[in-house]
Amino acid sequence: MKPPRLAAGAALSLLMLNAVGEQYYQTKTPYQPQQAGASYEAPPQGYRAVYTQLLARHGSRGLSSMKTDLVLYNLWQLAGKEKGLTPLGAHLGDDLLQMMKANALLGYGVAGITKPGYGNETMQGVMEHKQLAERMYHRLPQLFRNAAAGAGAGAGTAAQPRQILLVTSGKDRAVDSGDYFAGSLVAQQPNLQALIVRPPSLAPRAETNHDSRPAGTDRFLLYFHKLSAKQDLVADEGDPLHATYRASQEYQAWARSDELRAREAAVLAQPQVAAAAKAVLERLFTPAFIEGLNQGRYSAANTGTYSYTSADKQFTNKLTGDGDTEIKSATDAAQAIYDLYAAAADMKAELKADFTRYMPAQQAAVFAATEDALAFYTKGPGISENGGINHRMAQTLLDDFFNEVDAVAKGDLSHAAKLRFAHAEIVIPMAAILGLPGMSEQLPRAVAYSYSNSNWRGDAVAPMAANIQWDVYTNEQGRTLVRMLYNEKETDFKRGCDQAKIAPASHYYDYAGLRACYLPN
């Protein structure tokens, strides 16, 4: 597929491209705004921005754990012992060691990163959220100036500064994304610092100890794909959170199911995947080694212990592979190379190694399509016969968006903004439950996902720092309008809500009509 259209003035240097100018990173795609702010539709005459809200994925990150890099390094070492490396393949080992070291020390010395190592945001990810905040501020400067002054906080009441709510999943990279975003807003307007509030988390009614739910984190809103019986149990069917908890358990059962494993195996067994794997590996390994890999004579796992120390000798990270990740076939090996190729695109400041030389564009395109197919079934819209199992758990988050605008529509302007920071596993179901074209259409069980029958693409739905924003406008008569941005591009709500548009070609929706469309009861 072609790279996403860049906004006017976007720096091409932010994307690591193949020599032919293509990139196939899917959900690892570095973030780029999809529309220049100068081209946004102007609000109707008489309307002013009074509120905005955001859901964002964390920014670009390194590898989540020492798995793919270590298992591939162990395979490379085995190939070296067996004299199974080509001249290009001989270079792979040093690049893998670079990747391992960069991830082991990731975030060390970076202000705002509390625990360096695997899973942290890269400098690219830090900048993605700082710049996203800058663009939000410059899109809505008067909203933020009025918020600090208390303007519009309520007729007949003394002006009180409004609140900017900041909520994350509680996971380090989401917490850090929120902090960098908020810090960037404050850098634009320092008196916003006093407005930032980290609200208490949603919690089961029966829960008496909320120590596992620090203020400003919320698993039911922003980590709903992994709600656990140990931490999040909602046994009371009358509890408003029971439906979210139940939906999470149903989704996790699907994620562990034999049917999904079979679906994934079928995706990886496609002839074009085998052909692409062969093309990738024969540039790095000898035919005899590849044959031995496919015949089961060679395999590797992510075992071994490595220790890395920072240049200033003040930080050391010792890591041991858990042995759970294995390479047992050519497809496994090529898939691992693709994963590192995609991860490297998010680590340009930390990694000098060029992994594009190991993954030619033609084969990268095949593995990108494979990655999209796997994500479509595990995180995306999925199988129509399964109903809403992949996105039902996002209902509480959708309700939260509407509850915020409900308050504004009723004249409660105590909140100026709500900023939420989470993960691809949250943004993707949110896009689906919103019914957004190209992001929500399911496929029948009998039809296998492909680019020819589905428009769902990981790089469009959930690149790094993917975001959904609702800007809210009101006029003197009290009418409320909403305009949505998806990855900063003006985006329509589901087609069934077109009647709520203020004009057929407009991106502004009458809020009363929009709410009735999504929440008819």
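The dialogue below takes the features one by one.

User: What kind of model is this, and how are its residues numbered?

Analyst: This is a predicted model, in which local features need pLDDT of at least 70 and side-chain atom pairs count only at pLDDT 80 or more, while totals for chains, interfaces and linings use all residues. Residues are numbered from 1 along each chain as its sequence is written, and side-chain values use heavy atoms, with hydrogens and water left out.

User: Which residues have a positive phi although they are not glycines?

Analyst: Most residues other than glycine have a negative phi. Here Lys83 has a positive phi of about 55°, and Lys313 has one of about 65°. Helices (H or I, at least four residues) and strands (E, at least two) are DSSP runs, numbered from the N terminus. On that basis Lys83 lies in the loop between α1 (68-81) and α2 (87-104), and Lys313 in the loop between β5 (305-309) and β6 (316-320).

User: Is Lys83 buried or exposed?

Analyst: Buried means under 20% relative accessible area, exposed over 50%, and partly exposed in between (1.4 Å probe, protein chains only). Lys83 is exposed because its relative accessible area is 75%. Lys313 also counts as exposed, at 64%.

User: How many residues of strand β1 are buried, and with which strands does β1 pair?

Analyst: In a regular strand the side chains alternate between the two faces of the sheet. Two strands pair if DSSP finds at least two bridges between them. Strand β1 (residues 48-57) has nine of its 10 residues buried. Eight bridges join β1 to the antiparallel strand β9 (residues 467-474); Ala56 has Asn467 of β9 as its bridge partner. With strand β8 (residues 415-422), β1 pairs in the parallel sense over six bridges, and there Gln53 stands opposite Lys418.

User: Where is Ser169, and what are the polar contacts of its side chain?

Analyst: A polar contact is a pair of N or O atoms within 3.5 Å; within protein, one must be able to donate a hydrogen and the other to accept it, and residues adjacent in sequence count only if both atoms are side-chain atoms. Ser169 is found in the loop between β2 (163-168) and α5 (172-188). Ser169 is buried because its relative accessible area is 4%. A polar atom of its side chain lies 3.2 Å from the backbone nitrogen of Lys171, and a polar contact of 2.6 Å joins the side chains of Ser169 and His423. Contact as such means heavy atoms within 4.5 Å. Not counting residues up to four places away in sequence, Ser169 touches several residues, among them Asp218, Arg219, Tyr223 and Phe421.

User: How many disulfides does the structure hold, and which cysteines form a disulfide?

Analyst: A disulfide is a covalent bond between the sulfur atoms of two cysteines; the criterion used is a pair of cysteine sulfur atoms within 2.5 Å. The structure holds one disulfide, formed by Cys497 and Cys517 with their sulfur atoms 2.0 Å apart. The disulfide is left-handed because the torsion about its S-S bond is about -85°. Cys497 lies in the loop between β11 (489-490) and β12 (508-510) and Cys517 in helix α17 (residues 511-518), so the pair ties together parts that are 20 residues apart in sequence. Both ends are buried, Cys497 at 0% relative accessibility and Cys517 at 17%.

User: What is the span of helix α8, and what covers its buried residues?

Analyst: An α-helix has 3.6 residues a turn, so residues three or four places apart point the same way. The expected span of a helix is 1.5 Å times one less than its number of residues. Helix α8 (residues 242-255) has 14 residues and reaches 20 Å from its first C-alpha to its last, close to the 20 Å expected. Its buried residues include Tyr245, Ser248, Tyr251 and Trp254. What covers the buried residues of α8 includes α9 (258-268), α13 (361-378) and α14 (395-409).

User: How many aromatic pairs does the structure hold?

Analyst: Rings of Phe, Tyr and Trp (its six-membered ring) pair if their centres lie within 6.5 Å; planes under 30 degrees apart count as stacked, over 60 as edge-to-face and the rest as tilted. The structure holds 23 aromatic pairs. Tyr449 and Tyr451 form an edge-to-face pair, 6.3 Å centre to centre with 85° between the planes. Tyr449 is buried at 6% relative accessibility, whereas Tyr451 is partly exposed at 26%. The rings of Trp470 and Phe493 have their centres 5.3 Å apart and their planes at 75°, so that pair is edge-to-face. The pair links distant parts of the chain, with Trp470 in strand β9 and Phe493 in the loop between β11 and β12, 23 residues apart. Trp470 and Phe493 are both buried. Ring pairs link Trp470 and Phe493 into a cluster with Phe401, Phe402, Tyr509, Tyr511 and Tyr518.
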